[in-house]
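Please read these notes beside the sequence and the model.

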Amino acid sequence: MNTANEILNDISTALQGGKAKLINELVNKALADGITAKDILEQGLLPAMDIIAEKFMNNEVYVPEVLIAARAMNVGSEILKPHLAESGVKPIGKALLGTVKGDLHDIGKNLVRMMFEGKGIEVIDLGVDVSPEQFVAAYQKEKTDIIALSALLTTTMNEMKNTVAAFTAAGIREKVTIMVGGAPVTDSFRADIGADIYTSDAASAAEAAKKAILAQKS
Ligand code: B1M
């Protein structure tokens with residue numbers, strides 16, 4: 001039998017190679033062997049994405065390799081999803097989530113969705129490339145407690161500002177808590193654009209969302 005470390009290393013290698021089918025097998029095997037979903041995510045999948053990110057920045061791998069690694073990451077995350085959620089938890093509230101207009105990065109957003117669901121927050125996931133108007137229209141329909149925006153590009157961060165402005169223009173800004181995050185986003189940027197909450201990672205985003213929902217409802 002493989003040790004936990006061996007399986008986590010195999011997961012990392014498979015992810016870096018973009019081998020989605022192998023990721024499917026290995027992640028299921030790791031779960032069957034009793035490795036927790038949290039450890040598979042934090043010690044297998046995420047460090048492998050960090051290695052890919054580093055190589056991408058150093059021009060050691062290019063967009064196609066990153067794309068297939070990203071697909072494999074999403075396959076692995078989907079398998080972990082039910083294991084990260086607290087089973088049988090009655091939803092405490094609802095969030096609208098999306099990657100902003102012009103931005104196609106969805107791995108971080110998908111992690112945010114999983115972590116929110118793990119805290120019992122129902123998520124309406126609008127996907128990627130979501131315009132301010134789409135966020136506002138979806139809010140009008142779904143009346144969620146939280147609007148959660150992800151951006152990975154310095155060129156698309158400004159769409160967060162436009163989204164906050166669209167909620168203000170629609171006269172519904174004070175009804176929602178707007179959260180922002182993603183690699184280039186900072187708390188001072190959040191303050192500049194008038195959003196409510198910034199967190200640096202998906203787990204703290206879920207914790208902050210839960211706190212905000214409970215505060216709104218108390
Ligand atoms: Co892109 N890309 N990419 N890319 N890509 C970056 C972001 C980049 C930093 C790489 C680099 O060059 N150094 C760079 C941006 C530079 C900049 O803006 N200054 C970049 C570029 C330039 C581009 C293209 C323009 C490349 C090109 O075409 N020449 C292009 C743009 C496409 C577009 O969006 N319009 C592009 C394309 C792609 C791929 C399609 C190949 C692929 C995305 C696939 C996919 O998502 N399905 C991709 C990837 C994978 C990356 C890197 C390598 C990894 C991103 C990632 O998934 N990380 C990235 C390099 C990097 O980030 N260092 C890079 C793992 C993920 C778990 O982290 O998403 O940061 P992240 O999420 C974190 C936190 O940020 C946070 O939680 C997560 C951790 O728990 N978080 C939130 C995220 N959202 C949150 C919301 C919250 C709270 C926390 O509250 C609501």
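The numbered points below take the pocket, then the ligand.

1. The model is predicted: local features need pLDDT of at least 70 and side-chain atom pairs count only at pLDDT 80 or more, while totals for chains, interfaces and linings use all residues. Residues are numbered from 1 along each chain as its sequence is written, and side-chain values use heavy atoms, without hydrogens and water.

2. The largest pocket has a volume of about 1300 Å³. A pocket here is an open set of points on a 1 Å grid over the protein atoms alone, where a 1.4 Å probe fits, with protein on both sides within 12 Å along at least five of seven lines; lining residues have an atom within 4 Å of a point. The volume is the space filled by probe spheres set on the points, which are joined across faces, edges and corners.

3. The lining divides into 29 nonpolar, 8 polar and 5 charged residues; Gly counts as polar, and Tyr, Cys and Pro are among the nonpolar. H3 (37-57) supplies the largest share, 9 residues. Helices (H or I, at least four residues) are DSSP runs numbered from the N terminus.

4. The ligand takes up the largest pocket, by the test that more than half of its atoms lie within 2 Å of the grid points. A ligand nitrogen is 2.7 Å from an N or O atom in the side chain of aspartate 106. Ligand oxygen atoms are 2.9 Å from polar backbone atoms of threonine 154 and alanine 202.

5. Domain 1 (4-86) and domain 2 (93-217) both give residues to the shell around the ligand, so the ligand lies between them. The bounds come from an automatic or database domain assignment.

Terms used. Helix = DSSP H or I, 4+ residues; strand = E, 2+ residues; numbered from the N terminus. Polar contact = N/O pair within 3.5 Å; in protein donor to acceptor, adjacent residues only side chain to side chain.
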